Each structure stands twice: as C-alpha cells, then as structure tokens.
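Trainee: I am new to this one. Could you take me through it in short steps?
Mentor: Gladly. Ask as you look.

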Amino acid sequence: MVGCENRLVRLPSDLEVLRQRDFRFVFSAAVVSLLGDGVLPVALAFAVLDLTGSATDLGIVLAARTVALVASLLVGGVVADRIGRRMVMISADLVRLVGQGVIGVMLVSGDATVAEIAVSQLLLGAASGFFNPASSGLIPTVAGERLQEANALRGMAIAAGNIAGPAIAGVLVVTAGPGWALLIDAVSYGASAVLLARVRRDDARPASTEHFLADLRDGFAEVRSRTWVWSTIVAFSVLTTFALAFPVLGALIARRDLGGAGAWAAILVARAVGALVDSTTLLRLRPQRPLLVATLAGMVTALPTLLLAVPAPLVWIVIAAFISGVGPMVFNTLWETTLQQHIPASARSRVSAYDWLGSMALQPVGYALIGPLATGIGVSAALYLCGGIEFAALAMLLTVRDIWTLPPHPRKPVVNVGRAEPQRPA
C-alpha cells in the first residue's frame, strides 16, 4: 500500500519538509491559528470601541495581553523544556479557545464589559507566553534537516495571516459584529489543538530533578555563554521599542499628509506582501554566514519610518514598506534557524523564552513614550530619531565577531553549559 509519505514524493525540492508527517500537522496548526491571530486586532479594536468609544480602554486591553505574555514567557520556556513542547502547545491552545470563546459569546449576546475583555486578553497573553517558546523548541524535532524550509514556511503563514486575517475580520465586523470575529479566532485555536494532538514526536527531556530556578539559570547560562545570542537579544530589545513609532505615528502622518486611512492600509498591505513574497526566496537561500545576511537584511526595517518622517510621496513609502517586509522575514527565519541549530535540544524553549522576552519586555515602555516624545520634539523629528535608532541597533551587531563568522551548523556537537544532564546508570 502506498502511504501518505510516498504520495508527496513529487513535491519541489524546497518543499520536501512537507513530506514529514509531524511537520505537516504542526504547520497546519500554525496556519489556522495565525489566521485567527490576523483576525484579532481588528475584531478586538471594534469590540472595545463599540462598547465605550475610548482609546484609553482599548490601550488597557492591548496592554493586558502584552503584559501577561511577557510575564509568562520564562515560566513557559522552563515548563516546555521539562514536560514536552507539544503538550504545552495543546494546553495553551485550549486555554486560548476557552478565553476567546467565552468573550465572543458574551459580545454576541451583548453582555460583555471592557473589564471582561481585558481578562480574556490576560488569559490569551499568558497562554501565548507558554505556546511561543514551546513552538520554537518543537520545530527542529519535526522538521529535521529541513529546518530553514520549515521556518520559511511558518513565515509565509504569518505573512498570509497578516493579509487575510484583517480582511476576514473587516467583513465579519461589518456584517455580523466583532463577537463573531472573536469566535472565529477561538475556533482557530481549537483546530490548532486538534492538529497538534496528531503529532507523534516530541523531544522533552526526562523529568528534571533540578529546582525550577536552577532550570531558569541554566537557560540563561546558554544565552550568556554565546555573545551572538545575547547581543542580538539586546539589539532587538532596543529596535522593537523604537519601531513602535511606525504604527503609532505612521497612522498620524498618513491621516495628516498622505490621504487618510486608505493610504495607511496601502502601506501596511505592502509590508505584509513583501514579507510573503520574500518567504518563498528563503525556501532556497542557504547563506554560509546566516547571521551576517540576517543583520544586513534587517537594516531596511527602518526605511519606511524615515520616509514617513519627510514625508515622502505615498508611492515611495509603499515601495519602502514592501522592502521593509523583506527585512524582518529574512532576519527572523535565519535567526530562528541558527538558534535552533546551535542551542542544545534540552534548552531550546528556555533560550527561545529569553529571546521573546528581550523582544517584547520594553514594548509597553515604547507605547508609553512615543506619544510624549512626538509631542515634545514633533512627529517628524520623533520618526527620524526612532528610525535612526532602529538602524543603529542592528548596525551595532556588525561589531560582534560571531555575526560575521558563525556557520549555519555547529562545528562540533552542541553541549549544555549549565548543569550537566544526569547520566544513565551503567
């Protein structure tokens, strides 16, 4: 009898990773849940604004999700490394299913309050703080040697979700209401959990005899021992904080100088399309110095921010947005792949948790500072400053030797630098 694996033998060589059964289920789960994530921003915004019309209330709800996510990341990384990534991801999806489902039903019935929406987003953020490190740790197990292809395909799913999700949400919000859009998001988490339950492989280590804090310290030791890891995390902590000027102040420039909401939508869509188009290239790209290529590509991220500061004609900003979509896609795919190749399997989720924490911990500070900064020095000056800092944060990585020299694969077996794993008795 010809099995499913053989029926996929005619796939193009750069899609061979889809021949692997477990990866297909993990990738399918990512596609449906990321599509739901794409629905969330529009649905959530209109759910809150329909209730109170208050931008402050919307900010509180968005902050609730971000704060909960940041607070749970390190715990999530340790738990995933201890008990198994797949089970953590399924559990997180079920929590997100319940949280979004309950608030969706309440919105449809007209009984929801802003406080209840904020609580639902706290649950969503906390569950995502467990899911994200576990997902990064599981991909190498199910993708095998086709790791970069796997990360590129996941990038395609993210980009496609960012394009299709808001469009679906817009139709649902207008025709049925934001509650139904949130129910679609909840269903996507349920579908993801069902697909992940079909995965057979996991790479959790045996139950740890170490204390939770010892596991956390060992994960930090893996980060600290590699200059290329901690310096990149620091650079992205700075970059992601000041990159918030683009969504916060860019919309103001579009409304004031570029023609309004249509212009802003064109800029955002161009960036998402750029990411989607570039992800196909990453299926074939095999740089011998992946972090150098990633850093150089990432520098274009600041381009639309700087052109908005001018402001340049809309067509040039749209082109820059398309190019800037390429940069993060290249960086994230090559960075994730390099991290997964060079970090010991038993510590991947903890290191990923520190990576996520570095990228997101200062975002609430950024949201709080961008407005007063623009008020103090002007919107254009703030965009110039923030765009310049974005560029400089990545340019500083070029002073790190490992960024120039680290190969795609470790030259010798990767070992833990923390506590030694317990040895099996003879």
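Trainee: In which loop is proline 311 found?
Mentor: Keep in mind that this is a predicted model. The peptide bond from valine 310 to proline 311 is cis, with omega near -15°. Helix α13 covers 303-309, and proline 311 is in the loop between α13 and α14.

Trainee: How many helices and how many strands does the protein have?
Mentor: The protein has 426 residues, and 51% of them are buried. Its contacts between residues at least 6 apart in sequence include 86% that join residues at least 24 apart. The count of elements is 18 helices and 0 strands.

Trainee: How far apart are the end C-alpha atoms of helix α4?
Mentor: Helix α4 runs over residues 85-109, which is 25 residues. At 1.5 Å a residue, α4 should span 36 Å. The model agrees with that: the end C-alpha atoms are 36 Å apart.

Trainee: What phi does glycine 110 have?
Mentor: Look just past the helix. Glycine 110 follows α4. Its phi is positive, near 85°.

Trainee: What does helix α5 reach from its first C-alpha to its last?
Mentor: Helix α5 spans residues 114-143, so count 30 residues. At 1.5 Å a residue, 44 Å is expected. The reach is close to that, at 41 Å.

Trainee: At which residue does α5 bend?
Mentor: The bend is about 25°. Proline 140 follows within four residues of the bend. Past the end of α5, glycine 144 takes a positive phi of about 65°. The bend itself is at glycine 137.

Trainee: How many of the residues of α5 are buried?
Mentor: α5 is mostly covered. Of its 30 residues, the buried ones number 23.

Trainee: Which residue has its charged end over the ring of phenylalanine 131?
Mentor: Go to the centre of that ring. The charged end sits 4.4 Å from it. The residue is arginine 96.

Trainee: Why is the pair of phenylalanine 220 and tyrosine 354 called tilted?
Mentor: The structure holds 5 aromatic pairs. In this one, the ring centres are 5.7 Å apart. Planes under 30 degrees apart count as stacked and over 60 as edge-to-face. The planes here are at 55°, so the pair is tilted.

Trainee: How many residues apart in sequence are the parts that this pair ties together?
Mentor: Phenylalanine 220 lies in helix α8, residues 212-224. Tyrosine 354 lies in helix α15, residues 348-360. The pair therefore ties together parts whose separation in sequence is 134 residues.

Trainee: What is the angle between the planes of tryptophan 228 and tryptophan 335?
Mentor: These two form an edge-to-face pair, 5.8 Å centre to centre. Tryptophan 228 is in helix α9 and tryptophan 335 in helix α14, 107 residues apart. Both are buried. The angle between the planes is 80°.

Trainee: Which residues is serine 237 in contact with, leaving aside neighbours within four places in sequence?
Mentor: Serine 237 is found in helix α9. At 13% relative accessibility, serine 237 counts as buried. Its contacts are Gly358, Ser359 and Leu362.

Methods: Residues numbered from 1 in each chain as written. Predicted model: local features only at pLDDT ≥ 70, side-chain atom pairs only at ≥ 80, totals over all residues. Heavy atoms only, no water. Helix = DSSP H or I, 4+ residues; strand = E, 2+ residues; numbered from the N terminus. Expected span 1.5 Å × (residues − 1). Bend = angle between axes of the 7 residues up to and from the residue. Buried < 20%, exposed > 50% of the residue type's maximum accessible area, 1.4 Å probe, protein only. Phe/Tyr/Trp six-rings, centres within 6.5 Å; stacked < 30°, edge-to-face > 60°. Lys NZ or Arg CZ within 6 Å of the ring centre and 35° of its normal. Contact = heavy atoms within 4.5 Å.
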